[in-house]
2 protein chains.
Amino acid sequence: MAQKPSIPKGTRDFSPIEVAKRNFIINTIKDQFKLFGFQPIETPSFENSETLMGKYGEEGDRLIFKILNSGDYLNKVDDVIYEAKDSFRMTSKISEKALRYDLTVPFARYVVQHQNEIDFPFKRFQIQPVWRADRPQKGRFREFYQCDADVVGSKSLLQEVDFITLYDAVFTKLNLKGVTIKLNNRKILSGIAEVIGASDKLIDFTVALDKLDKIGEDGVKKEMLGKGISEDAIEKVKPLFQFTGTTSEKIEKLRNMLASSQEGMQGVEELQFIVDAINKIPLKTAILDLDVTLARGLNYYTGAIFEVSAPDTVKMGSIGGGGRYDDLTGIFGLKDMSGVGISFGLDRIYLVLEELQLFPETVAPSTRALFINFGEVEALYCLSAVNKLRADGIVAELYPDSAKMKKQMGYANKRTIPFVVLAGTSEMNTKTFTVKNMESGTQEEVNFEELKLLLQ
Amino acid sequence: MAQKPSIPKGTRDFSPIEVAKRNFIINTIKDQFKLFGFQPIETPSFENSETLMGKYGEEGDRLIFKILNSGDYLNKVDDVIYEAKDSFRMTSKISEKALRYDLTVPFARYVVQHQNEIDFPFKRFQIQPVWRADRPQKGRFREFYQCDADVVGSKSLLQEVDFITLYDAVFTKLNLKGVTIKLNNRKILSGIAEVIGASDKLIDFTVALDKLDKIGEDGVKKEMLGKGISEDAIEKVKPLFQFTGTTSEKIEKLRNMLASSQEGMQGVEELQFIVDAINKIPLKTAILDLDVTLARGLNYYTGAIFEVSAPDTVKMGSIGGGGRYDDLTGIFGLKDMSGVGISFGLDRIYLVLEELQLFPETVAPSTRALFINFGEVEALYCLSAVNKLRADGIVAELYPDSAKMKKQMGYANKRTIPFVVLAGTSEMNTKTFTVKNMESGTQEEVNFEELKLLLQ
């Protein structure tokens, strides 16, 4: 019995035009990664489970796809454990490998494993799929690409500057105007929590602050109070609720607010350095904005935090993000390796470019000419020309069957091939070709050199 | 405790230079696929298990990597089945998805699922990793890339001609001389078996014949006798044991031998058509050779069979293969769709190019210039120049830390960066840069425009 074919939920087939559009984005990002001196690496799709487990929190562990051991895998399971029929405990007994969940942990593993072959600071980029057993929903998939660039082995803030410039360079090349690169610093958040005497409530505090956009000042205050942050403390962070003005004005506000916190002031200096440097370069397309509510990845970022928003005209979450993590490789035994990196959200950038109609019309390389097949002898005459055109870089095809003219022309039409070439006995005798322009409908008889010029 | 990092056996990390070399091959193949009018598709890394299971024989089923269901997967297993503790029966209860084993079955599934969006004949290429739980050994991996091009929806032999030309075009671009494209036809093998009255022993017969290279004429005869093929029958296929001569001579021998088999004669006519067409085109680099011992994939190929061997000077198995299968999509319910395709063996082609030193020296795009970091002010002066160079397509980097000169020069040296740029107070005052050529050791002071020209 024939099966009705389908694919697992949360996964996708990509048609030729979709592949072309995705590659347009990927290649634009890749070209800029290379221009900025990043080098590509690739890691295996699956890692040993112990490499991944415990690195993404409890929820992450659940969402990691595990690969079943091969062979008689149950045979190796202890009977007592087996009888418990406990999925959670069973997993590590019947599965030793797991699909990559992100590119950062495999990168950390790579750096530690190959540390003797690497010249630090090491600037690597990596564009590969990752898998997460998340509930699929609009714009969230179980298989998706990550496009990451990271530097490991330098604490210089010039890296942060470089990454902001890199974001700007990519969005400039994509012709995507109105992108905002939001910048914050973990030290600012820690400093604020310290100043208001709520260092132990840093997470609660930042989670509440992060909702300012959605629930407003009163909502945030209420949530903070609910989490046990005092009215007095909340009063101190009041300037954050109307955190407007130029970047310089914002930095001044922070400098005043955080004067008593050493860590906070260090965060202010870092922001100042980055902002000053960017002002000197400056950005071509994107807008740099300080956003003290930005707290993504707070559990591992230790310095700068980045998040990129799509232009306001498009309703879309962040299309990129990143930050600095002072101990990237410590989990694998290599201490004191500071890392900083950014990521591009391919799927969301795709949706933004689609909505704003920013994909170039020529994104899918179309066949330039279809040669009509009039039969065996004519076909061989054409095939020789087809191959000469290809050798000159022109995409040409011969229709494989001597089907009815209407069918062959219809095929060219459906595939929007701009030129059709016809060669029957008369053309063969004069070593010529009749070319039909499918848009204008005009046709002319030309020799091979003229044909080549016409199709170029 | 820090874990000693490692990766699963049979998988690989790829360093920047390895990625660059692999991409050199992949891009060369991809460019030719596109010139020949093939369009890219991508399918998910994992498929529903029922899409893959039963399509590759019993051994294939075993070698498919299965993905464990998420959540409390044991909860859904019937107690009776659970108590049997039978790995084989358990698998389908706790795993519904499996990693792609090749690109052909997912392609067939894609064609059936998207048949209403596709214009046939459909020429697609696909370059993606596949996974097999094979025992890893030299040159055999558990994760590896396949590079496939197939046409579905036409029975024309011009497709076979096109694929041979495509192989030739790729190996020409790779500058790999001495490649042999071996050609056979399933109908020839069936015809021979029919003529000698051993149609029921087609597999035994072809398996034995395939060993001619290794065990010689006597060995093959002995194996055939052992499989119950009569002495009389073996006498009839004697010409195959010294199957030498030009392609035309070989076809004549087959024509004589197979005169009484309709299927065999059809195979002869097909070979004749392909060989005649190729003689007219003709090939630039590769050699086309009839090889009647070639029987790869006999269980699914129905017409042409291809196999590509590396140059004789390199000890390496086949570096490519393919063939025609008359019922590609029947397993998914779409009947009468003839397909023909070829595959490139990326890993083996890599080893061949490495051994013959055919990778271009410029395969890994190196950073052209490293700007030395003398401190904050100088760094910002440099960073501005670095970004202008990048905008002009020149790969440039600023060393992120104002480390000792020796360390920075050593970094440029280790990464074989050809130019180092130095800019201190004096250069900043005159808006110039001192450039040092790392190979010759010479250095000169230039303005930005001169610097750009020098680095281009």
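In chain B, helix α1 meets helix α7 through B:T28, B:I29, B:Q32 and B:F33 on the α1(B) side and B:L166, B:A169, B:V170 and B:K173 on the α7(B) side. Five of the residues in this contact are nonpolar, two are polar and one is charged. Please keep in mind that this is a predicted model.

**How α1(B) and α7(B) cross**
- Helix α1 spans residues 16–35 of chain B and helix α7 spans residues 158–173 of chain B; their axes come within 9 Å and cross at roughly 140°.
- Because of that angle, α1(B) counts as oblique to α7(B).
- The crossing of α1(B) past α7(B) is right-handed.

- Helix α8 (residues 186–195) and helix α14 (residues 262–280) of chain A have axes that come within 7 Å and cross at roughly 145°.
- Here the crossing of α8(A) and α14(A) is left-handed.
- From α8(A), the contact takes in A:K187, A:I188, A:S190, A:G191 and A:E194, while α14(A) contributes residues including A:Q262, A:E263, A:G264 and A:L271.
- Sorted by class, this contact of α8(A) with α14(A) holds three nonpolar, six polar and four charged residues.

**The five-stranded sheet of chain A**
- Five strands of chain A form an open sheet in the order β13-β12-β14-β15-β16, and their pairing is mixed.
- The edges belong to β13 (396–398) and β16 (443–446) of chain A; each has a single partner strand, so one side of each has no neighbour in the sheet.
- On average, neighbouring strands of this sheet are turned by 25° against each other, direction ignored.
- Within the sheet, β14 (residues 419–422) and β15 (residues 433–437) of chain A pair in the antiparallel sense over four bridges.
- If you want a specific pair to look at, A:L422 has A:T434 in β15(A) as its bridge partner.
- Helix α19 (residues 448–455) of chain A packs on the sheet, where α19 touches β12 (369–371), β14, β15 and β16 of chain A.
- The direction of α19 makes about 135° with that of β16(A).

**How the two chains relate**

Methods. Residues numbered from 1 in each chain as written. Chains lettered and ligands numbered in written order. Predicted model: local features only at pLDDT ≥ 70, side-chain atom pairs only at ≥ 80, totals over all residues. Heavy atoms only, no water. Pairing = 2+ DSSP bridges. Helix = DSSP H or I, 4+ residues; strand = E, 2+ residues; numbered from the N terminus. Axes fitted to C-alpha atoms, helices over the stretch in contact; angles between N-to-C directions. Contact = heavy atoms within 4.5 Å. Parallel < 35°, antiparallel > 145°, perpendicular 65-115°, else oblique. Left-handed = near helix turned anticlockwise from the far one by under 90°. Nonpolar A, V, L, I, M, F, W, Y, C, P; charged D, E, K, R; others polar.
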